[in-house]
Amino acid sequence: MRPPSSLMERRRLGTTDIQASVLGFGGSEIGYQRVSARSVARLLGSALDAGLNVIDTAECYENSEALIGQAVAARRGEVYLLSKCGHPDGWGRRDWRPASLLASIERSLRRLRTDYLDLIQLHSCTRAQLQAGDAIAALERAREQGWTRYIGYSGDGEAARYAVECGRFDTLQTSVSIADQEALELTLPLARARGMGVIAKRPLANVAWTYARKPTEPYYQTYWSRLRSLDYPFLRGPAQTAVATALRFTLSVPGLHTAIVGTARPERWEQNAASLQIGPLPAADLERIRTRWREVADASWVGQV
Ligand SMILES: NC(=O)c1ccc[n+]([C@@H]2O[C@H](COP(=O)([O-])OP(=O)(O)OC[C@H]3O[C@@H](n4cnc5c(N)ncnc54)[C@H](OP(=O)(O)O)[C@@H]3O)[C@@H](O)[C@H]2O)c1
């Protein structure tokens, strides 16, 4: 891995040897929104130039893996590639059988144009599927074969809790944002105590507060409704300050190492990287957001996959 090309902060991902840029890239949008190869090359090229080194994708984000492979193959030594397995034919269809998981990982290697992944993650299977043990064993086999350097779980709630407790994973990817704080008590303290790497997914709560009316897309609706109830005053201020505060909140959570922001737009990286230059969120601001969450959140406000 080349030395950092910018001032972007890096954090060691738990006890792995990955020195992760705090701002990572979430690869679902480029797949689902069918972004062109040219735009992805521009987006990831400028992100890498800005010091980003974590790219997360999955087997089921349409052609996301192939787009990323095409864009970064020539810069493989500058980037950590993270993918997921368990939905080989799209998000709606699951297959946790070991042979299927291994075939999916092999396909991810081809699509990403690499001979190893830095991290492969089980893509949000249930606690029962984790407890059965053979899906985790498949990932361990992939690690033994050199297809991946580390293994992780990506998901939330009780399944994530089990993934931390079982001691077989190097990392946890879980939802953490101003609209999703269950993990701060349920999983992160234990993950931290055990030296696991923690990756925040959906770190901007999909900027759901910017919709004037309830979004038609179900994926955004829970965060939109929660944010209406939370009614954080900073969300009423200048748009980019609100995004910056939301991102700095996520990155100020103890035990969290990188936040994989999704975007389909090349200019976002500079914007988001710049918003981090002012440093961590002051403790008083962090506490205000936590206090508001405790006042408003009820038992149904669980981590959103
Ligand atoms: N089960 C799982 O394992 C799972 C589930 C969900 C997500 N994930 C991972 O987490 C990643 C991130 O999740 P996500 O994309 O759903 O949520 P997110 O990062 O919280 O939100 C992404 C949204 O934020 C917008 N955005 C980014 N920077 C912005 C800025 N400076 N100003 C205004 N808007 C901005 C993007 O819009 P533009 O496109 O306009 O920039 C995009 O619509 C995914 O890509 C995926 O890798 C994993």
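Modeller: Helices of at least four residues and strands of at least two are DSSP runs, numbered from the N terminus. The model discussed here is predicted.

Colleague: How many helices and strands are there in the protein?

Modeller: The protein has 13 helices and ten strands. Its radius of gyration is 18 Å, close to the 19 Å that the globule rule gives for 305 residues, so the protein is as compact as a globular protein of that length.

Colleague: And what does the C-alpha trace span along its principal axes?

Modeller: The span is about 50 × 40 × 35 Å. Of the 305 residues, 57% count as buried.

Colleague: Let us turn to Ser64. Is Ser64 buried or exposed?

Modeller: Ser64 is buried, because its relative accessible area is 0% and the cut-off for buried is under 20%. This residue belongs to helix H3, which covers residues 64–72.

Colleague: Which residues is Ser64 in contact with, leaving aside neighbours within four places in sequence?

Modeller: Those contacts are with Gly27, Ile30, Gly31 and Thr57.

Colleague: Now to helix H7. Which residues of H7 are buried?

Modeller: In H7, residues 157–165, the buried ones are Gly157, Ala159, Ala160, Tyr162, Ala163 and Val164.

Colleague: What do the buried residues of H7 pack against?

Modeller: They pack against helices H5 (127–132), H8 (183–186) and H9 (188–193), and against strands S7 (148–154) and S8 (171–175). After H7 comes Gly167, with a positive phi near 75°.

Colleague: Lastly, the charges: how far apart are the mean positions of the positive and negative ones?

Modeller: The mean positions of the 39 positive and 32 negative charges are 3 Å apart.

Terms used
Residues numbered from 1 in each chain as written. Predicted model: local features only at pLDDT ≥ 70, side-chain atom pairs only at ≥ 80, totals over all residues. Heavy atoms only, no water. Buried < 20%, exposed > 50% of the residue type's maximum accessible area, 1.4 Å probe, protein only. Contact = heavy atoms within 4.5 Å. Rg over C-alpha atoms; globule rule 2.2 N^0.38 Å. Lys, Arg positive; Asp, Glu negative; His and termini not counted. Charge placed at Lys NZ, Arg CZ, Asp CG, Glu CD.
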